[in-house]
Amino acid sequence: MDAVSHFLHAIPVDLIIIQTVNGIVTGMILALIASGLTLIFGIMDVVNFAHGELFMLGAYIGVVVIASTGSFWLALVISSLVVAILGAALQVATLRPLIGRDPLNTILVTFGISLVLQNFALWNFGPVARKIPEPISSSFTLFYLQYPWYRILIAVLSAAIIGGFWLFLKYSRFGVWIRATTQDRVMAQAMGIPVPLVYTGVFALGAAMAAASGVLFAPLVGVNHTMGLDWVLKAFIVVVVGGMGNLGGSIAAAIFISLLEAYATIWVDPSQAVIVSFVVLILTLLFRPTGLFVPTPK
Amino acid sequence: MTTAPLDKTMPLGRVKLSHTAVFWIGFCAVMAVLIVAPLVLPEFWRRFLTEILIWGLLAMSSDLLIGYTGMISFGHSAFFGLGMYGAAAALLIVSPANLWLAILFGLAGAAAAALFVAYFSTRLRDIYFAITTLIFSQIFYVIIFTWTPVTGGENGLIFTRPHLSIPFLYDARFTSSTMHWFVLAIVAASYLFLRRVTQSPFGMVLQSIRENEARTRAIGYPVQLYKIVAVMLSGLFAGLAGVLYAVQNQFAAPDFVYFITSGDTVIFNVLGGIGTLVGPIVGAGFFQLMRELLSRLFGDQFPYLIPLGLVFIVMIIFLPQGLLGFARRWLNR
């Protein structure tokens, strides 16, 4: 009995609660990135390698707008809009010519885009990380920590954006087009849905969501040109674990993986905690290659 | 090598030469140029050419997957890096340092990584394969980067170059020329071996997997087994490239296990032409030359990857066959 109670006392309850909050916050950011990625994949079979770079560019544009206007919220909106336009242009210029070719070409082309964008950012903004100040600086007490309200706000805002996006998919005309095209591209085209326009629109939407998450996340870590790769990797893991093209699954997987990583950092170094999500991925591939959060295929 | 006749024989003057003869004449001509090169080139370009050959070997190994099996690997840095660290282990632990032991250790390291990656990622196809190889290479990167006591962490490992020794025959320090010839011999042997593999029945099955995986499976071939062997083979040659790079530069660094190396490998392949085996070497040469040229013209800080990335994108859209794509059928006969 003694051993059991000793073991129970050894569990750091306060740390676990703190890390639960942290995990949910990063999970929501990740969900925001991954839902754009999974949508782009679901509708046009494109694995967007440049998604992390859109996230990174979004953060940089946020830095620029804040430097000139001082308003974080204006930065969030402008950055999303600019990156959405950039995304649409990229889709038209590079992905549209590849429609009908082997989908592997799209991963190559988006990889090329990510290279160009990343080096553009390095060239233009330099290697030193930029910082965005938190728009609200108040905090509340969580055990022995002063926990910033801003982090909670990130989670809420991300949830709001994803929720708004879901409503858009469910009720707007363009959303219905998107869902129809996802289900059956050829039939949708036959019904008069402008499929090429839907493709471009979806890419722009995904890009805007990546940019928004970039701006939201920037105050926590600072902005540099390599931040994209880490996040796109995580988003890839999330998308595979959640089931490619499955929006709900991606969100669940994002929170699940972020929570696991957050708990892992209680015991190991954060750079090693990434391995936890790799292990989840391996287990998923072994036992449920279609994704953890999708019904078992019959 | 520049002309690509598709008919069985090629008129050369009045004599008609068979495809095999033309191939070997071309091969010998290129080899002759590469053998003579270090005697004419200044020190810098000698090393430059050697490095191109090493990168070419890495790219060629990945061509077996991209060009012949239809699987894009974004994880070749793992095999390359494990080869590097395997060689480093042999050179640091065993004394006196032995070249062949370094190669053996490097190959063992790469094989272990390749077995691990192959077992899991061949369960998936297309983009899923690409993503999982990328993620697996990151696992190795994180391990190597954080396991400082063994791998030297961020700083990597530094060691001295072993002697070029052939038991009972030859034993001398590497000069930049002998290094070049040694690398050239290994790359040429690897090319001939891989070429033979792609033309063997095994290679034919790989190509049929590329063309139509479902049908290959339906005929009765154990597709996953073939893919595992392909990934392992490819990983071994990537590891060999890693060993050569380690011996040439006398260090092993985590940067080379990072994704950038895998990305470069894919770029070499696409630029040079997938499914040709020599194309990736040409691609590596083109890439490194452009990089050198751009940084000489515009200074070291010039982001050479922006123009090269644009070239890469344009090539995929308009010239997916790559620079040597026109010779693809001829080279594979």
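1. How far apart are the end C-alpha atoms of helix 6 of chain A, and what should its 23 residues span? The model is predicted. In it, helix 6 of chain A covers residues 149–171. At 1.5 Å a residue, the helix should span 33 Å. Its end C-alpha atoms are 32 Å apart, which agrees.

2. Next, the buried residues of that helix. In helix 6 of chain A, A:Tyr150, A:Arg151, A:Ile154, A:Ser158, A:Ile161, A:Ile162 and A:Phe165 are buried. An α-helix has 3.6 residues a turn, so residues three or four places apart point the same way. The buried residues of helix 6 of chain A pack against helix 2 (13–44), strand 2 (145–148), helix 9 (195–221) and helix 11 (247–267) of chain A.

3. Now the interface. On the chain B side, 29 residues are in contact with 34 residues of chain A. Helix 5 (126–146), helix 11 (259–272) and helix 13 (305–318) of chain B each give two or more residues to the side that touches chain A. Helix 5 of chain B gives the most, with eleven residues. By class, the side of chain B that touches chain A has 22 nonpolar, five polar and two charged residues.

4. Is B:Leu271 buried or exposed? B:Leu271 counts as buried, because it has 27 C-beta neighbours inside 10 Å; the cut-off for buried is 20 or more. B:Leu271 sits in helix 11 of chain B. Leaving aside neighbours within four places in sequence, B:Leu271 is in contact with B:Gly283, B:Phe286, B:Phe287, B:Phe312, B:Met315, B:Gly322 and B:Leu323. B:Val311 lies 40 residues from B:Leu271 along the chain, and their C-alpha atoms are separated by 8.5 Å.

5. Last, a helix pair in chain B. Two packed helices are described by the angle between their axes and the distance between the axes. The axes of helix 1 (residues 19–40) and helix 7 (residues 176–199) of chain B come within 8 Å and cross at roughly 160°. Helix 1 of chain B is therefore roughly antiparallel to helix 7 of chain B. The crossing of helix 1 of chain B with helix 7 of chain B is right-handed.

6. Which residues meet where helix 1 of chain B and helix 7 of chain B come together? Helix 1 of chain B brings B:Met31, B:Leu34, B:Ile35 and B:Pro38. They meet B:Ser176, B:Ser177, B:His180, B:Trp181, B:Leu184 and B:Ala188 in helix 7 of chain B. This contact of helix 1 with helix 7 of chain B has seven nonpolar, three polar and no charged residues.

Notes. Residues numbered from 1 in each chain as written. Chains lettered and ligands numbered in written order. Predicted model: local features only at pLDDT ≥ 70, side-chain atom pairs only at ≥ 80, totals over all residues. Contact = placed C-beta atoms within 7 Å. Helix = DSSP H or I, 4+ residues; strand = E, 2+ residues; numbered from the N terminus. Nonpolar A, V, L, I, M, F, W, Y, C, P; charged D, E, K, R; others polar. Buried ≥ 20, exposed ≤ 12 C-beta atoms within 10 Å, placed from the backbone. Expected span 1.5 Å × (residues − 1). Axes fitted to C-alpha atoms, helices over the stretch in contact; angles between N-to-C directions. Parallel < 35°, antiparallel > 145°, perpendicular 65-115°, else oblique. Left-handed = near helix turned anticlockwise from the far one by under 90°.
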